[in-house]
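Thanks for coming, everyone. I'll keep this brisk. Please have a look at the structure first.

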Protein chains: 2
Amino acid sequence: MRIITTEQFMESNRNISQTAAKELDNSVQDIISQVMQNGDEALYKFTEVFDRVQLDQLTVSKKEFDEARNQVTSDFLSALKQAKVNITSFHQAQKEQSWFTNEKSGVTLGQKVTPLESVGVYVPGGKAAYPSTVLMNVIPAQLAGVEKISIATPPQANGTINPHILVAAAEMGVDVVYKLGGAQAIAAFAYGTQTVEKVVKIVGPGNAFVARAKKWVFGDVAIDMIAGPSEICVVADETAPPSYVAADLLSQAEHDEEARAICITTSEKIANAIHDEVEKQAAKLDRKDIIQKSLDQHGTIIITENLVETFKLVNQIAPEHLQLMIENPLEKVAYVKNAGAIFLGNYSPEPLGDYFAGPNHTLPTSGTAAFASPLGVYDFVKKSSIIHYSQNALQDAAPHIVTLANTEGLTAHANSIQIRKDDSNA
Amino acid sequence: MRIITTEQFMESNRNISQTAAKELDNSVQDIISQVMQNGDEALYKFTEVFDRVQLDQLTVSKKEFDEARNQVTSDFLSALKQAKVNITSFHQAQKEQSWFTNEKSGVTLGQKVTPLESVGVYVPGGKAAYPSTVLMNVIPAQLAGVEKISIATPPQANGTINPHILVAAAEMGVDVVYKLGGAQAIAAFAYGTQTVEKVVKIVGPGNAFVARAKKWVFGDVAIDMIAGPSEICVVADETAPPSYVAADLLSQAEHDEEARAICITTSEKIANAIHDEVEKQAAKLDRKDIIQKSLDQHGTIIITENLVETFKLVNQIAPEHLQLMIENPLEKVAYVKNAGAIFLGNYSPEPLGDYFAGPNHTLPTSGTAAFASPLGVYDFVKKSSIIHYSQNALQDAAPHIVTLANTEGLTAHANSIQIRKDDSNA
């Protein structure tokens, strides 16, 4: 883990642009077009190629759900249920109402909020299984009122799905789980096949294939976001125990080799103490190889002159996870413009939010917190404007509308107003 | 304009997929990469190639703003000002507050709402000028609290910008207007050049180049949506004057040759009457050539058996503009799931919404109302989650978090919790 200044950090910190992925795009586009053309047949084929499994069927059976239930501990089930309660409670507060106003005589204007009809949730498989992804995506969708929710997740080597994922799905009442991963899963959700029902929105994290496939189908369906590598930024002062800060940086670094763990502090002493703690703790952790690669590539402790510089840097990084382990952290939130989630104080580490506290763990990565939000109930509804004018109200407005339409050269627009005006003059 | 049944309509109505634009993509990607590499130089070059104008500078000068003010009528200014009042009033209701809860002892959870730092508004030029686009994009951005708003719009043949656009920009207090169109404008907004300041979100409609460029830069910056051809769907019964319905269909058809004007009715008599009115009125309109091509290609009157079939069809079409010219239209809104804006009754034609009533005219097109919303204040803010747990609150939660982290194989996550638990046991 390197210790550097703000200036050194800014020089080394260049993001890769969305336009720089042509080769990956060729594979991804090929997979998508084969799924569009050949449906299930392509799905079986790609699952054999990429997941090295020959499936009998693409969906998880009732029997597999039942078996999964016997493979998880009661501790897991109880933790899962409490997390569900907390996540549900937080997301309840995001629910939006349809509304209307009658500010002018004869005029009703409003906004109707309607749940999306169907949503496909992608749950990554591979090395680890993520039951938390099921809760974090399904709960806001259900609160929004989405009726059709299905899950796609890649099969394990033996053709089954990790039991924790299935138990989480069952706990949420989702019984359509496809054994599908990668770009083929995204294509199936976007365009439908014989087995997979087309959805109107695809959510959930995934690898580079999943992310690029989502970019390609975006517009034909909605997507949540294009997720990049995960990152944490811990702002620490002398009140932050270096061992805690180190543990939190390491929890980020274990996600994958591209994960970025960044710490910002004004204290060189704290910087050194955190650096040493990171080395000490890293050696003892299960995923120390991944952690070491992540730290070597991206692990950074930045020493700043003061809090003004610190928050300027935070807002430039726009971190997915921001921990403020400094005095009076709640007050300092006023200086944060760009961050996915803000964790305050010494007892609110990132894993608390990843699993349990309630706010969503699907957060904007790689600096996109500058313009994107955590996944929420708002991602599973859409709005329609409502406009009703009485005959009199339209009469009053008519001259202005005709003027504006004619200014834009759209005389058929003007005619649509004029024909009603002439009629009532008659 | 053809008159057909639901079945015939469904057969003929296949959308073009997002993946079917490879050739256009090659040009667009080339433009983007040249702008990224050569900055202003590329902008001057592409403006010469595409807009056939050799510019002295890329920005509109104070003098040009002043001159524009003298070129517009007082009727226009007065209509513009009233439209601004109405649009502002409607969008005020969309403003969101930051919130927090303290449901458990020692726990603060919340959601901070922050305006985007900067927004680029694309305003189409070419054949017509659209001052309404300025209002509809800038007003919600300003209400959201966006501080830096700039506009890009292609120059006219003589190198100036249409005065109505400049007056609208000035009325909104936007003084940075770039003389730029097409993919080069989008690239400049997304990546910045010597003259054009990079923004975090790009909004506004445009041609196919603009739309594809927005798709490509999406992820590096936010975009509003990928706009396709505009469409109207009028549901009419015997209470709808055929001349009004015809005028409204024609107002849509004049937008461009790809614009889709659709009418749905259960009455063959009304269908025929509307058909005849369309022919009669079309002949008298300024843009009759565009209108005729739009009607020939896409103009459709669909005869349905009943209102159940009608609304099923409406929801499948997911029209950008939906007019309900039927008895008790407000009641019928309950059956509408997918529509950008819903216009009710015989005196709420689409142009009322395009310019004046208050709701946004940037609406999801080409069936994307199934998952997308009108542009609104919510498009110009982003959210950050807030999480604060006290030491005791974390103690209580720790066992569940550790269980979930270990289940996912993320033991450094578990360690981040455990290290705090062990500490307080000591």
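Let's begin with a question: does His321(A) count as buried or exposed? His321(A) counts as buried, because its relative accessibility is 1%. Bear in mind that this is a predicted model.

Where does this histidine sit? His321(A) is part of strand E12 of chain A, residues 321–325. Its contacts beyond four places in sequence include Ile232(A), Cys233(A), Phe343(A), Glu350(A) and Leu363(A). Glu231(A) is also among them. Here there is a polar detail: a polar atom of the His321(A) side chain lies 2.8 Å from the backbone oxygen of Glu231(A).

Now the annotation. An unreviewed UniProt entry marks a "binding site" at Ser230(A), Gln252(A), His255(A), His321(A), Asp354(A), Glu408(A) and His413(A). These residues span 184 residues of sequence, and in space they are up to 56.1 Å apart between C-alpha atoms.

Some of them do touch. His321(A) contacts Ser230(A), Gln252(A) and Asp354(A), among others. Take Ser230(A) next. Ser230(A) sits in the loop between strands E8 (222–223) and E9 (231–236) of chain A. Ser230(A) has 13% relative accessibility, so Ser230(A) counts as buried too.

Strand E8 takes us to a sheet. Five strands of chain A form an open sheet with parallel pairing, in the order E6-E5-E4-E7-E8. Strands E6 (177–179) and E8 are the edges, each pairing on one side only. Helix H8 of chain A, residues 182–191, packs on this sheet and touches E4, E5, E6 and E7. The direction of H8 makes about 175 degrees with that of E4(A).

That's the tour. Thank you.

Notes:
Residues numbered from 1 in each chain as written. Chains lettered and ligands numbered in written order. Predicted model: local features only at pLDDT ≥ 70, side-chain atom pairs only at ≥ 80, totals over all residues. Heavy atoms only, no water. UniProt positions renumbered as here; feature names shortened; annotations may be inferred. Helix = DSSP H or I, 4+ residues; strand = E, 2+ residues; numbered from the N terminus. Buried < 20%, exposed > 50% of the residue type's maximum accessible area, 1.4 Å probe, protein only. Contact = heavy atoms within 4.5 Å. Polar contact = N/O pair within 3.5 Å; in protein donor to acceptor, adjacent residues only side chain to side chain. Pairing = 2+ DSSP bridges. Axes fitted to C-alpha atoms, helices over the stretch in contact; angles between N-to-C directions.
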